[in-house]
Amino acid sequence: MEAGGGDESLDVRGAAAEPSISGHRQTSVKPVWTSLEEAAQMKTEGNAFYREKNIRSAIGRYHRALLVLRGLDADVMSAVKGFGPEIPALTPEQEASLRSTQVDCYNNLAACLLQKQSVDYSRVRDYSLRVLQWRPGDVKALYRAGVATLEMGDAQTAKQYLTQACKEQPNDANVRKHLQRADEKLNRELEKERAMYRGMFSLNLKSSSGEGTNQTKEFELNPPSEASN
């Protein structure tokens, strides 16, 4: 059973219009490094909860960290420009810190969701794909995107993710196991398709054979008249 605490119902989408954690709307912009450090601290707390198997609290911390970071993300805030305080331009170092924490939080959220009894595989895939947008070769994101996509029924796409993950980590037993599952599912689907076509071909042969028999009987009952000499 999962431990209580945290608030996994928080959604990082639309966070630009959300109240701040204290319950009041932000009226001024915090110093960039203050927000980055705050988000990093929440991520660290989430990691501690995850190690303690307190999945619910871990999810809550990761979501809150992402909420803080959304206010610094130029890609997000450009969509709501003019509806709040202007955000300062980030230095390359700050931008790297922002992306690193975002990647870790989304990766860890996907890991948390896979620990739940009822897994929302669409969200696992969504979080993993967000990571891959920023870090295309991330093995953990490739693996989780593959697992989630496989569970959602798309073995072909899952195999692509898992094959790439296997290239990066060829000795990872979990990656190889799920890649084998994807191959087995694709083989079953191929065999079902072949069986379907064999059945259709057999029906066509029977139909053609039946038509030939009917024509023969009609010929016997109504032979053509002999030509006159």
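Reply: Ser35 is buried, at 7% relative accessibility. Buried means under 20% relative accessible area, exposed means over 50%, and partly exposed is in between (1.4 Å probe, protein chains only). This is a predicted model; local features need pLDDT of at least 70, side-chain atom pairs count only at pLDDT 80 or more, and totals for chains, interfaces and linings use all residues. Numbering runs from 1 along each chain as its sequence is written, and side-chain values use heavy atoms, leaving out hydrogens and water.

Ser35 sits in helix 1, residues 32-51. Helices (H or I, at least four residues) and strands (E, at least two) are DSSP runs, numbered from the N terminus. Leaving aside residues up to four places away in sequence, Ser35 touches Lys30, Val68 and Leu72. A contact is heavy atoms within 4.5 Å.

Helix 2 is largely enclosed by the rest of the structure, because 12 of its 16 residues are buried. Its length also checks out: the 16 residues should span 22 Å at 1.5 Å a residue, and the end C-alpha atoms are 23 Å apart, which agrees. The expected span is 1.5 Å times one less than the number of residues.

Lys43 and Asp104 meet through their side chains in a salt bridge (3.0 Å, N to O). Lys43 is in helix 1 and Asp104 in helix 4, so the pair ties together parts that are 61 residues apart in sequence. A salt bridge is a side-chain nitrogen of Lys or Arg within 4 Å of a carboxyl oxygen of Asp or Glu. Lys43 is buried at 16% relative accessible area, whereas Asp104 is partly exposed at 22%.

Helix 4 has another charge site. Asp73 and Arg99 form a salt bridge through their side chains (2.9 Å, N to O). Asp73 is in the loop between helix 2 and helix 3, and Arg99 is in helix 4, 26 residues apart. Both Asp73 and Arg99 are buried. Arg99 also pairs with Glu95 (3.3 Å, N to O). Glu95 and Arg99 share helix 4, four residues apart, about one turn of the helix. Glu95 is partly exposed, at 31% relative accessibility. Salt bridges link Asp73, Glu95 and Arg99 in a network. The structure holds nine salt bridges.

Now the wider chain. It has eight helices and zero strands. Of its 229 residues, 33% are buried. Among contacts between residues at least 6 apart in sequence, 64% join residues at least 24 apart.

Last, confidence. pLDDT is the predictor's confidence in each residue, from 0 to 100. The chain's mean is 81, and 69% of its residues reach 70 or more. Confidence is lowest in helix 3 (residues 74-77), at a mean of 63, and highest in helix 6, at 98. Residues 1-28 have pLDDT below 50; this stretch has 49 contacts in the model beyond near neighbours in sequence.
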